[in-house]
Amino acid sequence: MRIPFHAALAIAVAGPVAADEMWVSDLGALAYEADEGDTAILSFPTEDAGQGRLYIPGLAGNWQQRGVHEAYWIAEGEGFCGATLTGPDGFGSTMWGNAVVAFDKPEFPTGFTVTLGDCMSTPFRALRADLDQ
């Protein structure tokens with residue numbers, strides 16, 4: 001299974017206040033949006049002008065010990081996963097997958113690379129997110 005490259009979202013990590021961290025990628029601008037419990041939520045654009053979110057459990061409020069984090073993504077639209085996945089903020093879709101987020105350095109602010117998979121597959125598609133300065 002493959003999701004369109006747009007689901008290879010441009011995403012990453014938590015920041016001290018929503019949208020304090022912004023990144024740029026081949027897909028466009030990415031933003032840290034919120035913390036929901038211990039999960040950091042980032043938003044990203046999709047190729048078809050939709051919306052996607054990257055969820056990074058355990059990263060909420062973490063500004064000094066960033067490294068490699070297991071995560072997952074959910075995007076708007078009809079996907080091909082066999083079930084709907086819903087994030088802690090209520091955003092859900094059948095277009096989702098696993099992700100691994102690797103930050104450039106351990107403290108805020110920093111860029112990152114996210115590797116994305118489709119549905120339950122092992123992440124295989126990399127996307128670079130650089131700080132928007």
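## Basis of the model

The model is predicted: local features need pLDDT of at least 70, side-chain atom pairs count only at pLDDT 80 or more, and totals for chains, interfaces and linings use all residues. Residues are numbered from 1 along each chain as its sequence is written, and side-chain values use heavy atoms, with hydrogens and water left out.

## Overall makeup

The protein has 10 strands and zero helices. Strands are DSSP runs of E with at least two residues, helices are runs of H or I with at least four residues, and both are numbered from the N terminus. Along the sequence the pattern reads β-β-β-β-β-β-β-β-β-β.

Of the 133 residues, 46% count as buried, where buried means under 20% relative accessible area (1.4 Å probe, protein chains only). The accessible surface, from the Shrake-Rupley method with a 1.4 Å probe, comes to about 5900 Å², and 51% of it belongs to carbon and sulfur atoms. Among contacts (heavy atoms within 4.5 Å) with a separation of 6 or more, 44% are between residues 24 or more positions apart.

## Nonpolar cores

In soluble globular proteins, nonpolar side chains tend to be buried together. A nonpolar core is here a set of buried Ala, Val, Leu, Ile, Met, Phe, Trp, Tyr and Cys residues joined through side-chain atoms within 4.5 Å. The largest one has 22 residues, and Leu54, Ile56, Val101 and Phe112 have the most contacts inside it. Two or more residues each come from β2 (28-36), β3 (39-45), β4 (51-57), β5 (68-75), β8 (95-103), β9 (112-116) and β10 (125-131). Strand β8 gives the largest share, four residues.

Apart from this core lies another, of eight residues, including Ile41, Tyr72, Cys81 and Trp96.

## The disulfide

The whole structure holds one disulfide, a disulfide being a pair of cysteine sulfur atoms within 2.5 Å. It joins Cys81 to Cys119, with an S to S distance of 2.0 Å. The link is left-handed, with -100° about the S-S bond. Cys81 lies in the loop between β5 and β6 (85-86) and Cys119 in the loop between β9 and β10, 38 residues apart, so the pair links distant parts of the chain. Both Cys81 and Cys119 are buried.

## Thr39

Thr39 lies in strand β3. Thr39 counts as buried because its relative accessible area is 7%. Leaving aside neighbours within four places in sequence, Thr39 is in contact with Ala34, Tyr55, Ile56, Pro57, Gly58, Ala60 and Pro88. Ile56 is also among the residues with the most contacts inside the largest core.

Terms used:
Buried means under 20% relative accessible area, exposed over 50%, partly exposed in between (1.4 Å probe, protein chains only).
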